[in-house]
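Here is a short briefing to read alongside the structure. Take a moment to turn the view around, then follow the points below.

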Amino acid sequence: MTDQPFSIDRGTLLDAYRTMKTIREFEERLHVDVARGDIPGFVHLYAGEEAAATAIMLHLGDNDRIASTHRGHGHCIAKGVDVKEMMGEIRGKASGACKGKGGSMHIADLSKGMMGANGILGAGAPLACGAGLAAKRRGDGGVAISFVGDGASNQGMFLESLNLAAVWNLPVVFVVENNGYAESTSVEWAVACDSYVDRASGFGMPGVTVDGTDFFAVHEAAGEVIARAREGGGPSLLECKMYRFYGHFEGDAQTYRAQGEVENLRENHDCIKIFRAAVTGAGVISAAELDTIDAQALALVNEAVEHATAAPMPGPEDLETDVYISYA
Amino acid sequence: MRVGLVANPFSARDIRRVIANAASLQITDRANIVLRVLACLGACGVSEVVAMPERGGIRAHVERGIERARNVGDERFTPVRHLDFPVTGTVEDTRRAVRAMVAEGVAAIVVLGGDGTHRAVAMDCGRVPIACVSTGTNNAFPDHREPTVTGLATGLAVTGRVPPGIAYASNKRLLVSINGTEHHPALVDVALVAERVVGARALWRPESLREIYVTFADPSVIGLSAIAGFLEPVGRREADGLMVDIGSPAMDGAASDGSPAVRLRAPIAPGWLRTIGVHGWRRLPPRSPRIPRLRAGMIALDGEREVGFGEDDEVRIVLEPDAVRTVDVEACMDYAARNGLFRVGERRALEAASGPGG
């Protein structure tokens, strides 16, 4: 019987904070660099949503697979993809995680179980079912996580994947990151069944809704659904209610937002502030320790930008490489 | 004659669906419950229902149901007016709506939710009675009953067909105060847990439980009240509550103070039987503040972790009598049946609607 304030050990809490803060600094830097014209292509920022990816990924190892979304930087960092390689990839450099050929929406690192961000909405769900089926047939105890936004959750392939995972009893967890907007359309106008728990019930799997801005809420719920999947208990749906601090994409004028909405979110619903208050309030971690991590996270992102800036672009000779893979 | 309506679209959505196969009543079913209640209130002559606005889907389905009925000439539902304020999707909507309903002078408030929703309503409803409809997870406070009957009883009560002395029951509550300033009520139970996080809110791990205080100890409900109820049943209408000192699930022999230890198997969530070690328990008399033994942790109110406290905080827990009024459905129906209130043509009976079978 423990009277510790948290069921998560101190070292893990420090790691979690470092991950959240690294994601935040990464996204804040991209916001600036896109505006400067330094980044080719579109980027969709995860700032404000860090607690979900971080808390979920703490329950996973490299043997577990995730299928991400167009808003995938947070998932990548939390799953352990190298930050320098990510920044290189987003800038289209040969030093990138996919040698600069994928960009923001196609960052992948199979060695870390990160099957890829995905430019096609909802397309990660069938991939997660495939990874889940593979893990089940191998019997290696692996699980697969499909991340999907509230908008993409209405896509046919997502709904088909819920069905497939349920009938085949796959070790898959469907995480709906509900940030309230499908691009510019409010979730209230776009999701007919109103509740993701209802939607899960319709496919014969349990669903749970948690406050996605509360790291500890996501960590507890994710722990239960992932353990259940790992032990053969089948798929679940986890809805994380959260907020994004930036637009759908960088450059989005966000005319669909109320005046002062983002300021209120940053002030009162920032998952990193909430985490800081919880761990310092309980006296487990000092503010000074967190400040040190803040500085280290910023330094890491700055270093990643320098590294990416200095890296070469892919050459013409790279055009026809990595197109097909040999399974022989 | 107006009646308030609070229908919570967010109850029954927590982790207990995953760990304990708890029910998740669909939004459309919640809307159908509201329509059944509206039909009964309409039959009793209630002129208007004042409802909490929400964007979880119940309102849209209810309004569609009323419109469809009207389109075919069916006017059996009491008209619904939703209060006009910005929806936040939090418990604040419930509290704000209830304050507005009380200000408008509603005769009762029909509540669809679990213990948590009823708790939120009770925080602001004052002496206005609550008609309880269970759509939550643990539901020790609201009875499990077909809402048609609750709707009928409420209609009979608010229209004065059943005398108030019979129609309404008084209920105890627990009040937790922190440093004499913050006050947090609970209708069924207050639990002190060692962990310092709200987390996924629900309680399903007995290892973290330290102390439980209940307004009533009912062995025929689930949740923390069941633990107390398995030790010593205490009725809803009795003056006392019960307090339970929780130990380790693995404990055996005697407790540290020499008292005999008890180990219980109790359903702390639907279908979720867990072993609970108990150091001791005793009656909790009304109006007698207790100081918890736990020095720091979280306070769970009606089964959900809500408020943290530290070693420097002064926490007091007191049982208050006659704190919340509810519609006594069984008493209303019994009185109505014995006095012919359902017999068409009798004085004070429900009016028969026009049309075949109406």
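In this predicted model, helices α4(B) and α5(B) make a right-handed crossing. The axes of α4 (residues 91-104) and α5 (residues 115-122) of chain B come within 8 Å and cross at roughly 40°.

**Where the two helices touch**
- On the α4(B) side you will find B:Val91, B:Thr94, B:Arg95 and B:Val98, which meet B:Thr117, B:Ala120 and B:Val121 in α5(B).

- Chain B has an open sheet of 7 strands with antiparallel pairing, in the order β11-β12-β10-β9-β8-β13-β14.
- Strands β11 (262-269) and β14 (304-309) of chain B stand at the edges with a single partner strand each, so one side of each has no neighbour in the sheet.
- On average, neighbouring strands of this sheet are turned by 35° against each other, direction ignored.
- Within the sheet, β8 (residues 189-193) and β9 (residues 209-214) of chain B pair over 5 bridges in the antiparallel sense, and B:Val193 stands opposite B:Leu209 in β9(B).
- Helix α8 (residues 224-231) of chain B lies across β8, β9, β10, β11 and β12 of chain B, and runs at about 145° to β11(B).

**Where chain B meets chain A**
- The contact takes 22 residues from chain B and 28 residues from chain A.
- On the chain B side, helix α1 (residues 16-20) gives the most, with 3 residues.
- The chain B side divides into 9 nonpolar, 6 polar and 7 charged residues.

Key:
Residues numbered from 1 in each chain as written. Chains lettered and ligands numbered in written order. Predicted model: local features only at pLDDT ≥ 70, side-chain atom pairs only at ≥ 80, totals over all residues. Pairing = 2+ DSSP bridges. Helix = DSSP H or I, 4+ residues; strand = E, 2+ residues; numbered from the N terminus. Axes fitted to C-alpha atoms, helices over the stretch in contact; angles between N-to-C directions. Contact = placed C-beta atoms within 7 Å. Nonpolar A, V, L, I, M, F, W, Y, C, P; charged D, E, K, R; others polar. Left-handed = near helix turned anticlockwise from the far one by under 90°.
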